[in-house]
Structure formats: C-alpha cells, structure tokens
Amino acid sequence: MDKIHYFGAAIGLGMIVIGAALGIGKFAAAAAESIARQPSAADKITGAVNLPLFLLEGVAILAEVFVLLIVLMK
Amino acid sequence: MFVQEIAQEHAAAAVEGHAGKFDAGETIIHHVANSSISEPLIKLPTIMGIDFSVTKHVFMLWLVAATLFVVITWLVRRYLKQDRLIPSGAMNGLEAVVEFVRDEMVRPNVGNKWVTTWAPLMLTFFFFILGANLIGLIPIFDVLGLLDHYVLHTAEGSFVKEVMHGGTTATANYNVTAALATITFGAIIVAGSKAHGAVKHWMNLVPHGLAWPIYILLIPIEIMGMFVRPFALTMRLAANMTGGHIAILAILSFVFLFAEMGGALTGIGAGVIASVPLAVGISGLEIIVVLVQAYVFTLLTAVFIGMAIHVHH
C-alpha cells in the first residue's frame, strides 16, 4: 500500500489529459469551422483563439505540477 | 520554489545512493534539477542572508544574459554605424522579431499611447526567455562533457566537470520564472498607476456602482486574481520546460532499461528502433514549445498590462 500515491497520480494525469484534450479539441474545431466560413478573418480568429487556449494550457500544466508534487512528496 | 527543492533532494539522493542499478527517475531528476545549493559551481559568501553562490542555473542565466547583451548590442551598433537605412544580415531577423513583438503583441493590447513605454520590457522578456529556453535545448555542454571525459581528463569535482554535467534550461527552474512573473506583477501595478493614478488603479480592480453585498465577494476574488495571474505565468513556463526535458530523457532512458533487462544488444536495438527517433521527434516539438512559451509569456504580460490600462467595467 505504500505506493498507492502513484495510482492517484496516474489517474489524475489521465483525467488532466482528457480534460485538456476536450478543451483544445473544441477550440480547434470552432476555429477551423469559423475560418472555413470566413477565410478573410483567419488572422482575427487565430488571435481570438490564442489567448483562451494558453489559459487552458496553464490550468492543465498547473494540474500536472500538482501530480508531480504527489509523486515527489508521497 | 519548493518543487525545485524537492527535486534537488531527489537529485542529491540519486548521487549518493548510486550503486550499480540504473534508476531512470532519479537520473532524470538529477539532469533536470539545479545543482545542489551545498555544492555550487562557485562558492560565494552569504550577504544579508542571501546566498550568492553560483549554481548551474545561475550560470546559465548569466550566460544567456551575456550572450544576448553582446549579440544584440553588436548587431544594433553595426546597423547604426552604417550609412544606409536598409538593415543587412542578422539585423533583418532581429528587426522582424522586434517589429512583430511591438506591433502584433504589445500595440493591440496596450494601445498606441503606451506602446513605447511597455515595448522595451516586453522585448526584454521575449528575448531573455527565448534565449534561456533555446540554450537548454542545445546540447553544447553535453558535447563538451564528452570532450572532457575523453580528452581533457579534469579532476573530479572541478569547475569544468560540474559545468559540463549536462546543460540545463534555466527557465525550467521555478525560482527563475517566479522572478520573471514578479516583474510582470510589478509592471501591472505600475502600468495601472501610470495610466490612472495610484489610487484610481486600485479602485479600478472592481467595477463601480454595484450593490454593497457584492463587493464583499468581489474584492477578495479580484485580489486573489491579482496573485493568481503571475502564479499561472510562473507555473506555465517552468512546467512546460521541465516537462519537455523529462519526456526526452525518459524516452532516452529506455535504452539503459532495456540493456539492463536483456544485455547490451537489446539496449542498442531499443535505442535504434524506438528511443532515438522518438527523442528526435520530441526535440522537434520542443523547438515549437520553446518559441510558443516565450511568445505566451510576453503576450500574457502585455494582455495583463493592457487590462490594467484599459479597464472594462
């Protein structure tokens, strides 16, 4: 039982990846669709998508740091 | 901060208890972590409770700062000395990057009025972070370490040996990125105070004209948000840099794990078939990550400063 924290960390990591992938997938889908509808606004759409994308990435990275802490600190 | 300290403890444990068997986790942590504070590269005295000793990451920071200072100053001086206005050679690239940062990242967020005030800070951030990220990706020190091992034969524990034990990314250290984010934190306050005055900036944190019970909830949230933004910047940059290195080293350590399981030939096979191609692929991905992270840090700083200047309430 002394290695059970690895179990929690692994499950947490998996869930982070699921969440982040869902989020990024939605962003990519919406961006591709809107660029297809209005190719002339591609620059603006990319700019608008970028910022929330980085914020999303930041949340995922934070969660990963905490998973790393679980593994390192036990 | 404290992730780094834990990593250092693990690295120290890896060095002490390294008897025979290959331990992937400890080796990787040793390569990613800063050199331990008790055995720095250069021992300097402690002044006012601050230990000024130079560790691996501090050395890398100085190297990046010196390189950027010399290269950029040299390029700009050379350009200013010539008698025509058209830039040539590397100055073209520098000018393109500077214009991109100023016109695509700073100007849309900060606005025309303040762009000249904040563009220098953003440019410094961009070039410093990009340089620090990139220099960790170039294996110069590992190559020099090989040279040391086969040609120079310096003594155990010498300066050369310590420096060459794997080049590291200074921005993968949480202390470094926390310092950078602290500058952002200060810049946000300075920007707001310059645009609206010292008192008005703090009043701008919450919207005006709401019912008073809402403020009880809103003011703590806004104050928390003030600290969360630099914290997120810190974690994003450091974790991205650490994560990439850990991935590359983990894949490369398959070679040794397989060699331990089934002899040297198995290890070489695993290296040729899986490890090296995958590690090359991830290194390619890392080049993109390095550029994107420098971009993101600068862009988010510009956005936060812009939010302090143009209050949307």
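The model is predicted, so local features need pLDDT of at least 70 and side-chain atom pairs count only at pLDDT 80 or more, while totals for chains, interfaces and linings use all residues. Residues are numbered from 1 along each chain as its sequence is written, with chains lettered from A and ligands numbered from 1 in the order in which they are written.

Chain B comes to 11 helices and 2 strands, where helices (H or I, at least four residues) and strands (E, at least two) are DSSP runs numbered from the N terminus. Along the sequence the pattern reads α-α-β-β-α-α-α-α-α-α-α-α-α. Of the 313 residues in chain B, 30% are buried, that is, with 20 or more other C-beta atoms, placed from the backbone, within 10 Å of their own.

Inside chain B, the axes of H4(B) (residues 90–110) and H11(B) come within 7 Å and cross at roughly 25°; axes here are lines fitted to C-alpha atoms over the stretch in contact, with angles running from 0 to 180 degrees between N-to-C directions. The two helices are therefore roughly parallel to each other, the term for angles under 35 degrees.

As for the partner chain, 13 residues of chain B are in contact with 12 residues of chain A. H1 (2–16), H10 (212–252) and H11 (254–309) of chain B each supply at least two residues of that side of chain B, and H10(B) gives the most, with 6 residues.

Notes. Contact = placed C-beta atoms within 7 Å. Buried ≥ 20, exposed ≤ 12 C-beta atoms within 10 Å, placed from the backbone. Parallel < 35°, antiparallel > 145°, perpendicular 65-115°, else oblique.
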